Amino acid sequence: MIPIEYWLIVSSLLFAVGAYGVLTRRNAIVVLMCIEIMLNAANLNLVVFSSYHTVLHGWADPSGQAFALFSIAIAAAEVAVGLAIILSVYRRYKTIDVDKINVLRW
Amino acid sequence: MLEYAWLIPIFPFVAFLLIALLPKRTLFYEDGWGYAVGGAAGAFALSILVVWDVLMGDTLTGAEAPRTTWLIIGGYEVEFGIWIDQLTALMLVVVSIVGTLVVVYSAGYMHHEGDTRRRYYAEIMLFVSVMYGLVIADNYLQMFIFWELVGLCSYLLIGFWYERPSAASAAKRAFIVTRIGDIMFLAGIIILFKYVGTLDFAGLFEEGGTHAVPTDMMVLATALIFGGAIGKSAQFPLHEWLPDAMEGPTTVSALIHAATMVKAGVYLTARSYPLLVQTPESLLFVAAIGGTTALVAATCALAQNDIKRVLAYSTISQLGYMILGLGAGGYLVIHANSPGGYTAATFHLMNHAFFKALLFLCAGSVIHAVSTNDMRMMGGLRKHMKITSLTMLIGALAIAGVPPLSGFWSKDEVLAAVWHAGEFDSIFFVLWFMGIATAFLTAFYMFRMWFLTFAGEPRSDYHAHESPKTMTVPLIILAGLAVSSGFALFIGDGFKLFMEGSIEELVPGAAVESLGDIAVEIFTDPLTYVSLVMAFAGIFLAYRMYYVPGFDRSRFSSGVAGKLQRALENRWYISKFYDDFAVKVVYGLSLVCDAFDRYVIDGIVNGFAYLGGMTGGAIRKVQDGNVQRYTAVIVVGICLILIFVLYILPWGGW
């Protein structure tokens with residue numbers, strides 16, 4: 001069995017890659033994609049800890065997997081909403097560059 | 001009847017409300033004249049009933065008088081009540097008679113004023129109402145409230161023609177200068193309240209009512225209360241507002257600035273007698289102020305060309321007489337157990353109200369006819385205005401002290417009281433000389449005025465005509481009073497015994513003079529003849545200088561006489577002193593205060609606001625609307641928190 005640390009390192013890398021993308025990319029869709037990567041890093045964690053529970057306690061606890069499924073479903077809805085927002089932003093400003101969308105500032 | 005005396009101010013007040021609030025169409029004749037006469041006459045009728053009761057020996061003072069609670073502050077109840085004694089009755093007589101006649105007279109005098117008459121009648125009614133309120137007040141606080149209200153009405157009416165800058169500034173001056181006195185009055189009241197805990201006359205005036213007040217504070221309190229009188233009665237050195245107050249309509253001058261409001265100061269002094277006689281120092285101050293005022297104002301009146309200003313200075317001078325009489329009278333109460341000075345001063349108060357109102361209304365009649373105040377533009381008016389010239393002659397004779405007119409009796413009584421007080425403090429002899437000099441000057445300037453106005457040839461192209469009946473009838477009535485009010489000394493029990501009633505606790509068992517004794521005393525006293533000679537000398541000098549043609553007055557325009565003449569024309573430069581020195585000092589002080597307020601007080605307050613603004617301005621740059629920057633802050637923040645929780649805290653021992 002692959003030790004849990006490996007999984008957690010992959011998960012952390014995924015999260016870091018996502019966070020880096022969120023912070024640096026200017027295209028709003030790419031930013032949204034990066035958020036998905038971060039979300040999936042968290043999902044991976046949930047599944048890993050769920051399976052690791054059996055190793056620790058000798059019996060399976062599926063609640064981590066259930067959370068992961070919930071999370072995926074919610075992520076799907078979130079993507080739909082996020083894309084809709086980006087679409088209407090594009091209609092309004094003819095751009096999806098997040099640096100330019102700053103009308104909510106002081 | 002007396003317990004209904006509180007209704008007296010209600011009549012004019014209702015008239016004030018009606019005139020102020022009714023639609024113009026329902027004001028009828030002369031824009032509210034009818035209502036004003038109604039209000040004044042109602043108060044007059046009720047006043048006469050009250051005065052009649054007082055004449056019958058009935059008074060209403062202290063506990064038995066109706067009172068109502070106005071305010072409750074902590075444990076102290078501020079009450080309004082009425083205080084009817086002989087002094088109140090005297091003031092009621094003056095205010096009701098002069099007030100009513102002046103309102104009647106206004107119909108003619110204010111006829112050309114158009115729509116502003118409504119404001120005039122409303123303000124006059126308000127004044128009459130609060131003046132009654134002042135007179136019947138039974139505690140110092142109530143008196144002070146009405147005291148301020150008459151000041152307000154005075155301000156409004158002096159500034160009646162407010163579109164004239166001189167009138168507007170005269171109104172302000174009157175208000176501000178009298179305010180100095182009012183502050184002193186208030187300070188005196190506060191001192192009394194601090195020690196005694198009540199402001200009711202009943203509590204303060206009873207035997208030992210002020211034993212809680214230390215002697216020096218008592219002197220201060222009485223002197224300060226008299227300070228209120230200095231302002232209101234235009235005593236030296238706060239007298240300069242009264243001549244300026246002549247900017248108002250002449251009716252206002254007659255009512256407020258001759259017969260009633262300026263008497264409020266004398267009334268206050270007389271009312272405070274039970275306190276004043278406890279402090280001889282204050283009495284001396286009162287007398288000295290009175291004597292100085294009488295003489296200074298009389299000299300100022302010598303060289304005025306404005307007919308109303310002559311009368312204004314004359315008013316100040318006569319008020320000084322009354323104050324002098326009261327100050328001397330206090331010494332007589334203390335040392336001789338005699339109310340002589342008090343009765344003399346109040347007697348002069350009444351007589352002066354009648355003849356000075358008469359003189360002012362005559363002057364108003366003249367001004368109405370020739371449309372100028374300047375006596376140099378008049379002359380020869382006798383032919384055109386028979387009634388006015390005759391009534392004014394009566395007024396001038398009365399004030400000059402020619403027997404048997406009213407001024408003779410009361411002026412003589414005052415001077416006799418001052419002379420008598422000289423036995424106890426020789427300073428009163430000096431004051432008596434000032435008084436007798438004033439008597440001479442009074443006779444002189446009054447007849448100078450009369451000759452300049454009515455005698456000789458016209459000095460300008462005027463079209464004079466006698467005034468309408470609404471004006472001449474009040475003149476005739478007042479002339480009758482100016483002739484006859486002096487005989488009050490001999491009517492019934494006599495004026496002296498009557499007035500003694502209001503201070504009888506102070507002079508227990510004073511010797512009662514019979515009316516015959518009083519008459520004999522007056523006519524056998526050589527002092528009477530001194531003042532008579534002075535009066536006739538003054539009249540003769542005026543006759544020689546201003547009536548007999550060929551007198552060369554230009555000899556007074558050079559040398560020492562010229563300097564004196566110019567000093568008199570400039571009223572001893574007192575007004576100039578205030579303008580050039582006092583005003584500048586106060587203005588400089590104000591500038592300092594302004595700078596302190598602007599830069600220190602406001603500086604601190606504004607500094608805090610500026611600090612907040614600056615901080616906000618610096619911090620708000622962070623909120624630049626860039627989502628990624630927000631995110632970066634969040635990420636870095638979470639990292640810092642994690643480092644803190646995972647490494648710093650365990651390192652610290654948690």
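User: How many Å separate the centres of domain 1 and domain 2 of chain B?
Analyst: This is a predicted model, in which local features need pLDDT of at least 70, side-chain atom pairs count only at pLDDT 80 or more, and totals for chains, interfaces and linings use all residues. Residues are numbered from 1 along each chain as its sequence is written, with chains lettered from A and ligands numbered from 1 in the order in which they are written. In chain B, domain 1 covers 2-503 + 513-565 and domain 2 covers 611-654 (bounds from an automatic or database domain assignment). Taken over C-alpha atoms, their centres are separated by 81 Å.

User: Which pattern does chain A follow along the sequence?
Analyst: Chain A has three helices and zero strands. Both are DSSP runs, numbered from the N terminus: helices are H or I with at least four residues, strands E with at least two. Read along the sequence, the pattern of chain A is α-α-α.

User: What radius of gyration does chain A have?
Analyst: The C-alpha trace of chain A spans about 55 × 25 × 25 Å along its principal axes. A compact globule of 106 residues would have a radius of gyration near 13 Å (taken over C-alpha atoms; the globule rule is 2.2 Å times the number of residues to the power 0.38). Chain A has 18 Å.

User: How many residues of chain B on the side that touches chain A are charged?
Analyst: Ten residues of chain B contact ten residues of chain A (C-beta atoms, placed from the backbone, within 7 Å). On the chain B side, three are nonpolar and five polar. Nonpolar means Ala, Val, Leu, Ile, Met, Phe, Trp, Tyr, Cys and Pro; charged means Asp, Glu, Lys and Arg; the others, Gly among them, are polar. The charged residues number two.

User: How are α8(B) and α11(B) oriented to each other?
Analyst: Helix α8 (residues 215-232) and helix α11 (residues 263-271) of chain B have axes that come within 7 Å and cross at roughly 160 degrees. Axes are lines fitted to C-alpha atoms, for helices over the stretch in contact, and angles run from 0 to 180 degrees between N-to-C directions. Under 35 degrees counts as roughly parallel, over 145 as roughly antiparallel, 65 to 115 as roughly perpendicular and the rest as oblique. The two helices are therefore roughly antiparallel.

User: How are α14(B) and α17(B) oriented to each other?
Analyst: Helix α14 (residues 307-336) and helix α17 (residues 406-421) of chain B have axes 8 Å apart. Their packing angle is about 40 degrees. α14(B) and α17(B) are therefore oblique.

Technical notes. Contact = placed C-beta atoms within 7 Å.
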